[in-house]
Amino acid sequence: MAQNGFDLQSFAQALSVPTQEALEALPHFQRQAEAWGFAFELLRSSSINCRFYGAHTLHVKISRDWDTLDAEGQAGLRGELLRVVVEQSDGPLNVLNKANQALVAYALHTIPETWSGFLGTAIEAIQQGAQQAGKGSTSAGHAIVDLLELFPEEVNRTVAGQTQRGGLIQDVKESLPLALEVLTGVVCELPGSTARPANTPEFCRQLGQSAAWRMRAWKAILQWLQFGVPSDTLLVPLLEMGLRQLETMAVAQVSGSDAVDDDEVRAAAAAVDDIVSNTRTAARYTRTVGTLGLLRFGQGWMSEVLKHWASAGDGQAALVWGGVLVSFGETYAEFILEKAGDAQLGAHVGTYVQLMLGLTQFPGHHGFSEDISDQPLNFWYLLQEAVADGEVAAAPAITHAYASLVRALVSKSAYPPADEWLDGDRDERERFGGYRREVGDALLNAYYVLRSDMLGVLVDEAVRGLSAFSLDSWQGTEAVLFALRSIGEAVGDSEAEHLPRLFSAAVLAQQLLPVIQAPLGSADGRSRQWGLTAVKAGVLGVIGAYGDWWRAHPELLPLVVPCVTSCLAHPPLVAAAVAAFRRICDSCRDQLAGAAESMVHLACEVLLAAGAVPPREQQRIFESVADVLMALPPPAHTAALAPLAAALADRLSASLAVLEAAPPALALHDAEPYAEPLAAHLRLVEALARGLQFADDAEERALMGGADDAAALAQAAQCYGASPAMAAFRARLRAVLEAAFAARVWRRDAASGMAAVGDALLEAVLAAVTSAARRGPHVLAMDFGARVGLVAGAWAAVVARPAPGGGVALGPRWADQSPALLQCLAQLVAVHAGPAAAAWQPPVAGADAALAALLTRAVDDVCAAVASDAPALAAAIEQQPVICECVFDLCTRVLQTRPALLAAMAPASVGRVCELSAHALAVPSRLALRPTAYFLTALIRLSAAASKPSPASELLRALWARHGAAWLRTTLAAIGGTHPRSLLPNLAELLFAMVRHHPESVRRWMADALAQPAFPSAHAGDAAKRQFAQHILATRSIVRVKAVVADFSVTCRNLQGSNYAS
């Protein structure tokens, strides 16, 4: 028998022991109309493979070719499918499952229109069919449970329309009681179960003898729960049954019985977990489910099974049980707190929190020998939040639980033994480190409950541990120090009961500081060295965590600060020492100002120590020292800064000499030593500049007319200008920067290692230029001309320099380096092109002309470079989206800060920006569209906002008149389908700006554009376009414009009636 080139008999034989050729031909054959009949022939074969591919073909045909059947064929298929399911019910499960998939696919096409009550009728038909065919009830049970497991999963995958899906979900919910009744009957056949329901069908009892089928029934229950349990009359018995079954399983596991399979336990726990973690269930049935959970968990079985697996060291098995406990606690934390003092449930609450404590202190070290103890931490946080809400006072049981929790967390945060830690792999240590951070948060939560009591216990433990400190048992002491550090942010500077016992001069001198000062060489062996380093870091962490307390006790700072800074000489402690130093400087800025000379001396030592302190830590020290100096009046901090500025200038000159000595051709790893010293020292300039800034609010108040702030800033500006030392530093810095741009590094071949390290060097150079560029005075700020000259020099060195034969020669890495220069230029525009400032920043003569010339050059060079990078400008924009983004951000900054700059630029350059914007607007990319839309929105707003004629306003109006129609047309095309729907909000905002500021011209241009056939889409008819234009032009609400744009876009994309239109 052959049809359409297929010999069906030979094809069936090839599928019986499937050949590669047959499997490759099967998808093609399944597209043929003859496949309907051939599928049933395969299902009558004695070959299991043939029957499987027959059921598979039916599933494919129903899913894909449903519409090829007429109504009669569709109706007749139901009985055939049910017959197939019955026939395969006693065969291999893979064939039965595929047959059920075909039946479910049929149901998804017919519910609810032609097959309402699908599940009930299908189960009844399967039972009757099995009885008539002489098959046992077990076979029918196989088919029914497989169908119950499959059906809810397939319902969630369906992409039916909204109307059909609503009816489908309704049918599913109406079937929920029947499904749960059948599945519950199966799982309750667990040996030893005390929850067997009455009148259980025979097939449920038979299937329930198999652990594998009980597991599948549990998985099916979990699938059905996602549709929600509609009433407590259904929910409570289900949860009660689930908890009783878990109890039976727990008893079996503890006794060592093999009647329970681990997979079945996991499946049952997952189903119960889903119920107790469901927030909608908790909102409706808080007391019912909460009470039932406390009563069942409060019995001994849960404690016994957790102890069993803890003693066995099996954290994964314990996690199966603990996960249910944790989910219940996280969902019902407020209820647990409320019932902690209840006469009936209080004891059960106490038992429950003890269970959670047991999980929290699960034996072993997290990340090394266990991975379960982090699971309950979120419960303790939620319980603390409930306590903090204050609606219910914490009962003694809760307070005692948190006291026990603190002891458990301190114990769990202790480092493992040295051999386990030092010989462990990196992943284990990182997991433990992450867990310690979570424990720190949990300790902070506990402090909010226990307050002073907790601090007192920790201080006692710390003093006791430090007084008897030994490197043979240091982990406990370090863990207590870690706990004290974790709660530091919550302890106020007025604490006077416990911290004085830890930070008194006597304790500092006799216990804390000697630990810090103990030489690392005094510890013999790798493990003891590690222990001493960890404890030293712990002490530094505690000192830093209580910076606010030191501010209230400045008399102790002369003891503390030198000990902290002494650790900078020991590489393993540098990070901890710098963190403590920064925290003290931040908190005690005013108190440390009197020691400015010592602070500057420290910074100089760090600078001269070269590689002893890593560059990033050097930057942090410089910024903190500078921040302390700013607590002094301008004359004082300027004088104090002079030695550091001179030393830094010397290092800059020396590192520049290293850069200039670089050989012509170097690989990347060989080039870094030549460029990195200068980049590192320039980053120190940036860090120093960050710390030497006046507060942002002081600058804002002065700019807004605040007399006191303005006077203070004017005094500072005068002082900075009169300082010979700072003038010398600024001159030397400028010379270094100019020489850096003249170096050969920028002219190397793109493949050269020096060209590659130039990216990091350029970033550091530009940061040094802009870090001191502020609206207020800055002691390191160069004058306007110097800054503009440096940026111009950088542009010529890096991006484009005049070519001998005309035009420009692009730098080897212009595409990577020009964005940083454009951002630097935008910063200069923001600082120097704004409204005239007060006395400390007089207007700069020729500033607009100089900036306009630089802007013109930058725009011309970038536009020419981008255009040369691809045959079409739109393609070039897609290839260089970051550069285009920086260009438009720069132009937007000009419009927002000083629109007159645009008029001062060369007209051709402004035209190039507008041309670039028209092409960028047409690129369907968020990187291209967003900055373009922001630029055009600012331009459109200003083109209509000027009340007095000016060159800038005239230019903007001319730009709108010249390019507005093109911008509007491109926007309409994008809405109509050329751009992704995710960009519609940006397009709607741009269109709203056009309509709001230029309604008449938009009305005219929109009418012309929409009058063209098939624009912006062939799917949008004249009526739809007319309605769109009317709504857009009539509304003044951005929310309404976005809705109209979204609706019109759906029409243009022909998505009406789909999920995308909802």
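Colleague: What covers the buried residues of H24?

Modeller: Several helices do. The cover includes H21 (396-413), H23 (426-450), H25, H26 (499-503) and H27 (505-517). Bear in mind that this is a predicted model.

Colleague: Which residues of H24 are buried?

Modeller: Met454, Leu455, Gly456, Leu458, Val459, Ala462, Gly465 and Leu466.

Colleague: How far apart are the end C-alpha atoms of H24?

Modeller: They are 22 Å apart.

Colleague: Over to Ser486. Where is it found?

Modeller: In helix H25, residues 475-486.

Colleague: Is Ser486 buried or exposed?

Modeller: Buried. Its relative accessibility is 13%, and the cut-off for buried is under 20%.

Colleague: What does Ser486 touch, leaving out residues up to four places away in sequence?

Modeller: Gly440, Leu443 and Leu444.

Colleague: And which backbone oxygen lies 2.8 Å from a polar atom of the Ser486 side chain?

Modeller: The one of Phe482.

Colleague: Let's switch to salt bridges. How many are there?

Modeller: The count comes to 35. One of them pairs Glu264 with Arg214, with the closest N and O atoms 2.7 Å apart. Glu264 is in helix H13 (residues 262-276) and Arg214 is in helix H11 (residues 211-225), so this pair ties together parts 50 residues apart in sequence.

Colleague: Are those two buried or exposed?

Modeller: Buried. Glu264 has 0% relative accessibility, and Arg214 has 1%.

Colleague: What does Arg528 pair with?

Modeller: Asp472. The closest N and O atoms of that salt bridge are 2.8 Å apart. Arg528 sits in helix H28 (residues 526-545), while Asp472 is in the loop between H24 and H25, so the pair links distant parts of the chain, 56 residues apart.

Colleague: How accessible are Arg528 and Asp472?

Modeller: Arg528 is partly exposed, at 29% relative accessible area. Asp472 is exposed, at 63%.

Conventions. Residues are numbered from 1 along each chain as its sequence is written. This is a predicted model: local features need pLDDT of at least 70, side-chain atom pairs count only at pLDDT 80 or more; totals for chains, interfaces and linings use all residues. Side-chain values use heavy atoms; hydrogens and water are left out. Helices (H or I, at least four residues) and strands (E, at least two) are DSSP runs, numbered from the N terminus. Buried means under 20% relative accessible area, exposed over 50%, partly exposed in between (1.4 Å probe, protein chains only). A polar contact is a pair of N or O atoms within 3.5 Å; within protein, one must be able to donate a hydrogen and the other to accept it, and residues adjacent in sequence count only if both atoms are side-chain atoms. Contact means heavy atoms within 4.5 Å. The expected span of a helix is 1.5 Å times one less than its number of residues. A salt bridge is a side-chain nitrogen of Lys or Arg within 4 Å of a carboxyl oxygen of Asp or Glu.
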